[in-house]
Amino acid sequence: MRCLGALESVRVSPLPSLSVNGGTGKEVTLATGLHLRYSTTPLRSSLSFTLPNSFFFRTRAPSQRTVSFYCHSSLTPELKTTLDKVVSSQKVILFMKGTKDFPQCGFSNTVVQILRSLNVPFETINILENEMLRQGLKEYSSWPTFPQLYIEGEFFGGCDITVEAYKSGELQELVEKAMCS
């Protein structure tokens, strides 16, 4: 999620939430799902709210300064369509940092080694080559980190889930089933 605004500072976390300096001392929940909480202390004031995927927000702060934000999803309809096609085009696909021959992250390397140990054919896509893909994929899967493993067009999980499934034997069963279908 990309947010644009005009304030002293803005912090966006991986989840759809946003904190902004400057506030008045109230808590409000709007019909759009936007939850506002602002408080003022002698040394510091803050405004925090939770964002839906796409919205436009305008408020008048106590200093009569207008604060505006426009937030929109990084997952465009075109990117969603492309990702739908990509994840369904292969039985096993891994979105990772680097490639299967040159992983650029320890977590990505771990998942690559697990898939190789299962002798499963898989494709990789280097998310470091395209920032729009990287951000859009986080929304597409509702998973904020990489690597992201897809099996038969469905999001399976990241490194920790893959490791646990490998240890329990669940991953091998799922991959074998995918290869037979």
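Which residues in α1 are buried? L79, L83 and V87 are the buried residues in α1, where buried means under 20% relative accessible area, exposed over 50% and partly exposed in between, with a 1.4 Å probe and protein chains only. They lie on the same side of α1 because they cover an arc of only 60 degrees around the axis, the arc being that of the directions from the helix axis to the C-beta atoms. An α-helix has 3.6 residues a turn, so residues three or four places apart point the same way.

The model is predicted: local features need pLDDT of at least 70, side-chain atom pairs count only at pLDDT 80 or more, and totals for chains, interfaces and linings use all residues. Residues are numbered from 1 along each chain as its sequence is written, and side-chain values use heavy atoms, with hydrogens and water left out.

Helix α1 spans residues 77–89 and reaches 18 Å from its first C-alpha to its last. On the other side of α1, P77, E78, K85 and S88 are exposed. The cover over the buried residues of α1 includes β9 (92–96), α3 (131–141) and β11 (148–151).

Leaving aside residues up to four places away in sequence, L115 touches V92, L94, V120, F122 and L149.

The structure holds 4 aromatic pairs, for which ring centres must lie within 6.5 Å; planes under 30 degrees apart count as stacked, over 60 as edge-to-face and the rest as tilted. Two of these pairs are tabulated.

| Pair | Centre distance | Plane angle | Class |
|---|---|---|---|
| F95 and Y150 | 5.6 Å | 80 degrees | edge-to-face |
| W143 and F155 | 5.4 Å | 50 degrees | tilted |

F95 in strand β9 and Y150 in strand β11 are 55 residues apart. F95 is buried at 0% relative accessibility, as is Y150 at 2%. W143, by contrast, is partly exposed at 27%, and F155 is partly exposed at 25%. One aromatic cluster is formed by F95, Y140, W143, Y150 and F155.

Conventions. Helices (H or I, at least four residues) and strands (E, at least two) are DSSP runs, numbered from the N terminus. The expected span of a helix is 1.5 Å times one less than its number of residues. Contact means heavy atoms within 4.5 Å. Rings of Phe, Tyr and Trp (its six-membered ring) pair if their centres lie within 6.5 Å; planes under 30 degrees apart count as stacked, over 60 as edge-to-face and the rest as tilted.
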